[in-house]
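Keep the structure open as you read.

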Amino acid sequence: MFLNFDENNVMKTVTMVATTFTDEYSSTVSPARLFRALILESHILIPKLIPQAVKSIEIQGDGGAGSIKVINFAAGSQLQYVKYRIDEINPETFTYSYTLVEGHGLSDKLESVVYKVQFEVSADGGTVSKMTSTYTTLGGHTLDEEQVKIGKEKALGMYKVVEAYLLQNPDVYA
């Protein structure tokens, strides 16, 4: 809960509710290769692999914490773009966290959306990808879980395209 002022400069209390989702995916590709493809080199690789969905990815800043990543979607998409602020990026521990700061995913019902990704080595030398997303709603609004599910399915689809590319090209990012 926090205090805010309305258009008449009257103080009001705003209630926020956080909802967190955690998902895990397994892959036979190593964490280092997935991290490089999906995080470090995503601005190069993803528009090449799925140009029908992603027109371009721009990085504003040096690519480290505090940088902004802008994903521009292809013509005909329901979304035009989204902007994320990189909160943490660590290629040694294969961790990445970022916050949605602008675009379709934010509305007058959402205060923030924070994502955390961790790529861990699995017993077979592949990867267990752990992804957490925390949606903080404003004013007692409820989260549209169907929209969250659609977004997660699209993200998993992109993950699977990159994974398939890495499996077909074992020397890429090796």
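At what angle do helix 1 and helix 2 pack, and how far apart are their axes? Helix 1 (residues 31–40) meets helix 2 (residues 42–49) at about 80°, and the axes lie 6 Å apart. That makes helix 1 roughly perpendicular to helix 2 (a label for angles of 65 to 115 degrees). Axes are lines fitted to C-alpha atoms over the stretch in contact, with angles from 0 to 180 degrees between N-to-C directions. Helices are DSSP runs of H or I, at least four residues, numbered from the N terminus.

This is a predicted model: local features need pLDDT of at least 70, side-chain atom pairs count only at pLDDT 80 or more, and totals for chains, interfaces and linings use all residues. Residues are numbered from 1 along each chain as its sequence is written, and side-chain values use heavy atoms, leaving out hydrogens and water.

Now turn to helix 3. The axes of helix 2 and helix 3 come within 11 Å and cross at roughly 95°. Helix 2 and helix 3 are therefore roughly perpendicular to each other. From helix 2, Leu45, Ile46 and Leu49 make contact (heavy atoms within 4.5 Å) with Met158, Val161, Val162 and Tyr165 of helix 3.

Phe119 ties in next. Phe119 touches Tyr159, and also Leu34, Phe35 and Leu38, among others, not counting residues up to four places away in sequence.

Note on methods
Helices (H or I, at least four residues) and strands (E, at least two) are DSSP runs, numbered from the N terminus. Angles under 35 degrees count as roughly parallel, over 145 as roughly antiparallel, 65 to 115 as roughly perpendicular and the rest as oblique.
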